[in-house]
Amino acid sequence: MKTVITSTGNTLTSPFDKRFGRAAWYCLYDKITGEKIFYQNENMNARGGAGIKAAEKMVELRVEKVISGDFGPKAKDLLDKFNIQMVIIPDDGLTVKDVIEKLQ
Amino acid sequence: MPRRRRLRRVVAPPGFRGYRPYGVNKGSNESIELLYEEYEAIKLADYDLMNHQEASELMGVSRPTFARIYESARRKIAKAFVETNEIKTVYGNAWMDKNWFVCNGCYVRFTIPKTVKKHNCPICSSDNIELLKQ
């Protein structure tokens, strides 16, 4: 079961990013192995279609759940199509680590 | 009898229940009700930077109607700012293009894709979830 958490930095103590398509980093967390890998988002400053590209990346990584603060309309359609669960959490200054701990 | 209001398509509900000003000395009990479609209009136009034509097509209304929703949203927010009122989000005339659930334990909002069998909160695993509807 793979989960992606949007993050503003590439460490576990980085604050969680409220945006999906324009998040700085994606933290891929594998619940079974406990592995955490960070991927940089190359489309962070793209002019358009950041959401779609990010959603495509999620499909490529075979993610089953995405945790973010907000999803754009285009990203949502694609994530829906590939049956990826979207989770919107209210942001209370959480770090990536806090979110992972909540998952356990 | 006026014409029936078309339901506005909303992609995702706002991630909050409301906003409250702080550092205010007058204790105002009044609150502004911001409808989901108004939140969506602000989001599409000013956050996703769409033009009104694209945004109106996405919400399933005409461009002039979109402009009216957007204007009403801006005026409500301005009123809340100036009169230091609380903003609350209410459902309004919207329909969610996908079933969104809310967890009553941790206020997380989420979708449940077909492939997921369990109907519980993905964060705290609570069963106390509710379909977002009025």
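A residue counts as buried when its relative accessible area is under 20%. In this predicted model, B:Cys103 has a relative accessibility of 0% and is therefore buried. B:Cys121 is likewise buried, at a relative accessible area of 1%.

Chain B contains an open sheet of three strands, ordered β2-β4-β3, in which the pairing is mixed. The pairing of β3(B) with strand β4 (residues 86-90) of chain B is parallel and extends over five bridges. Within this pairing, B:Glu33 has B:Lys88 of β4(B) as its bridge partner.

Two helices pack on this sheet. Helix α1(B) touches β3 and β4 of chain B, and its direction makes about 70 degrees with that of β3(B). Helix α3(B) also touches β3 and β4 of chain B, with a direction at about 160 degrees to that of β3(B).

The helices also pack against each other. The axes of α1 (residues 36-47) and α3 (residues 63-82) of chain B lie 8 Å apart, at an angle of about 100 degrees. Because angles of 65 to 115 degrees count as roughly perpendicular, α1(B) is roughly perpendicular to α3(B). Residues in this contact include B:Ala41, B:Ile42 and B:Ala45 of α1(B), together with B:Phe66, B:Ile69 and B:Ile77 of α3(B). By class, the contact of α1(B) with α3(B) comprises eight nonpolar, one polar and five charged residues.

Terms used
Residues are numbered from 1 along each chain as its sequence is written. Chains are lettered from A and ligands numbered from 1 in the order in which they are written. This is a predicted model: local features need pLDDT of at least 70, side-chain atom pairs count only at pLDDT 80 or more; totals for chains, interfaces and linings use all residues. Side-chain values use heavy atoms; hydrogens and water are left out. Axes are lines fitted to C-alpha atoms, for helices over the stretch in contact, and angles run from 0 to 180 degrees between N-to-C directions. Helices (H or I, at least four residues) and strands (E, at least two) are DSSP runs, numbered from the N terminus. Angles under 35 degrees count as roughly parallel, over 145 as roughly antiparallel, 65 to 115 as roughly perpendicular and the rest as oblique. Contact means heavy atoms within 4.5 Å. Ala, Val, Leu, Ile, Met, Phe, Trp, Tyr, Cys and Pro count as nonpolar, Asp, Glu, Lys and Arg as charged, and the others, Gly among them, as polar. Buried means under 20% relative accessible area, exposed over 50%, partly exposed in between (1.4 Å probe, protein chains only). Two strands pair if DSSP finds at least two bridges between them.
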